[in-house]
Amino acid sequence: MTTLNSIWQQLTLTYLSPYQWRNGSLLYRLGGCLRSWRQTSWLMQWGEPLGAILISLLFGLAPFVGTALIGVLLIACAGFWVLITLCDDPSETAFTPIHLLVLLYWGIAVAATALSPVKAAALTGLIKLTLYLLLFFLMARILRSPRVRSIFITFYLHIVLIVSIYGLRQWFFGVEASATWVDPTSAQADLIRVFSFLGNPNLLAGYLLPACALSVAAIFVWEGWLPKALGLTMTVVNSACLVLTFSRGGWIGFVALMFTLAVLLLYWLSINFSPFWRKWAVPIGIASLAAILILAVLVVPSLRLRVASIFAGREDSSNNFRMNVWAAVIEMIQDRPILGIGPGNNAFNKIYPLYMRPRYSALSAYSVILEVAVETGIIGLSCFLWLLVVTLQQGWLQLQRLRELRNTQGLWLMAAIATIVGMLAHGAVDTVWYRPQVNTLWWLMVALVASFYQPSRQPVVNSNQV
């Protein structure tokens, strides 16, 4: 058992000291080269608040504007991160095992681009990926402050509330929908699927997942009955809007998120439970959630029909489409298994037509795991899965620490972990994850986990221990 624990700790970089690694890095030594200028600059003395305003501007506008403006804001965030890093004291620069694996994944993407059969298209994808990763670095740096973290999350939840309310308005007053969103041959041909400002119900579902988890956390973090009532209202409105997207992938992600959040929340609260409830709270909580879910499916006809379509196989047109795309993508992976075709949808659009089934054109692989594998090969997929394991492990370690301290900031961390699980579940059958409105939220969740990082101390091992 000791050997297995040791292997797991090494695999998840539990006791890795990034500070020792970074001291030998040439790039790290560039950090702080403008530190003396920052001390005399009035503007850069407000570096952290300015960074918070910049990322707030990005997430505040994302659901309402086009991808071009989001791209401009991503470039601004990247440039500001470079500036603030050059101005920071290197000894205060946050660097975690998560950062290390993000850099490793980026390096693999660079190699995949260099060896891509469509280098120009892959380079465009690499630039987009780089902007997202630099956004992650900036957010992980800025959100270390508990005050900034809480203010930013509060701002984000109010933006999402506006999006959800408009989605509910579409449900009550009706909205013209695309014929491609529902199988026209099914009993749900006239089903209303809300999409709010994002223009697509599947995209809206992916966008709402983080807000559903964070609004639950807000009920416990925010002090006072009025803020708690607001958190509860946000939870109900966001969840209802997500359900009314009738996005089956979104529902899968929502269920995975809520089950994960329920388990973590019961774990968090169990520190005050009696021995009986400490043992049975999690099983009873999960059973209750499952019962509510089953009851809702049985009682509401539209839910029942939509859920049944998940298991309809090729009889459902959407399922059939995805299966044909997946079959073509698997062939693409088999032909370039090591480093793939290069990152980005432009590279995918160049190569996929050579493999696609007749009449099944696609802009992506409709599965995040397949998308990562086709873009960066088995090497990239292995690194991506490693990044997920390390992120969740670091999140769990910090959650345990915050629970012992009774620090309510741990509830934001809990929501981030649950969201990562939910977005992965949604991403298993869809790739709205690669749209900027959702991809920025994914890296926000990873950055939230990284922002809580505290190095773990290596336990002292008795030399006589077997």
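Before the first stop, a rule for rings: those of Phe, Tyr and Trp (its six-membered ring) pair if their centres lie within 6.5 Å, with planes under 30 degrees apart counting as stacked, over 60 as edge-to-face and the rest as tilted. By this rule, the count comes to 16 aromatic pairs. Select Phe246 and Trp251 to see a tilted one, 5.5 Å centre to centre with 55° between the planes. Phe246 is buried and so is Trp251, where buried means under 20% relative accessible area, exposed over 50% and partly exposed in between (1.4 Å probe, protein chains only).

Next, pick Phe321 and Tyr366. Their ring centres are 5.3 Å apart and the planes stand at 90°, so this pair is edge-to-face. It links distant parts of the chain: Phe321 is in helix H15 (residues 317-335), while Tyr366 is in the loop between helix H16 (345-351) and helix H17 (368-405), 45 residues apart.

A word on what you are looking at. This is a predicted model, where local features need pLDDT of at least 70 and side-chain atom pairs count only at pLDDT 80 or more, while totals for chains, interfaces and linings use all residues. Residues are numbered from 1 along each chain as its sequence is written, and side-chain values use heavy atoms, leaving out hydrogens and water.

Now zoom out and switch to cartoon view. The protein has 19 helices and 0 strands; helices (H or I, at least four residues) and strands (E, at least two) are DSSP runs, numbered from the N terminus. Of the 466 residues, 51% count as buried.

Back to rings: select Tyr105, Phe384, Trp433, Tyr434 and Trp442 together, and you have one aromatic cluster.

Which residue lies over the face of Phe452? Arg149 does, at 3.8 Å from the ring centre. A charge sits over a ring if NZ of Lys or CZ of Arg is within 6 Å of the ring centre and within 35 degrees of the ring normal. For another case, show Arg403 and Tyr267: the charged end of Arg403 sits over the Tyr267 ring, 4.1 Å from its centre.

Arg403 is buried at 10% relative accessibility, whereas Glu404 is exposed at 54%. The structure holds 4 salt bridges.

Another one joins Asp430 to Arg322, the closest N and O atoms being 3.6 Å apart. Here too, distant parts of the chain are linked: Asp430 is in the loop between helix H18 (410-427) and helix H19 (436-451), and Arg322 is in helix H15, 108 residues apart. Asp430 counts as buried at 5% relative accessibility, and Arg322 counts as buried at 12%.

Glu331 is partly exposed at 31% relative accessible area, and Arg357 is partly exposed at 24%.

For the last stop, select Met332, in helix H15. Is Met332 buried or exposed? At 1% relative accessibility, it counts as buried. Leaving aside neighbours within four places in sequence, Met332 is in contact (heavy atoms within 4.5 Å) with Ile341, Phe348, Ile351, Tyr352, Tyr355 and Val374.

Technical notes: Salt bridge = Lys/Arg side-chain N within 4 Å of Asp/Glu carboxyl O.
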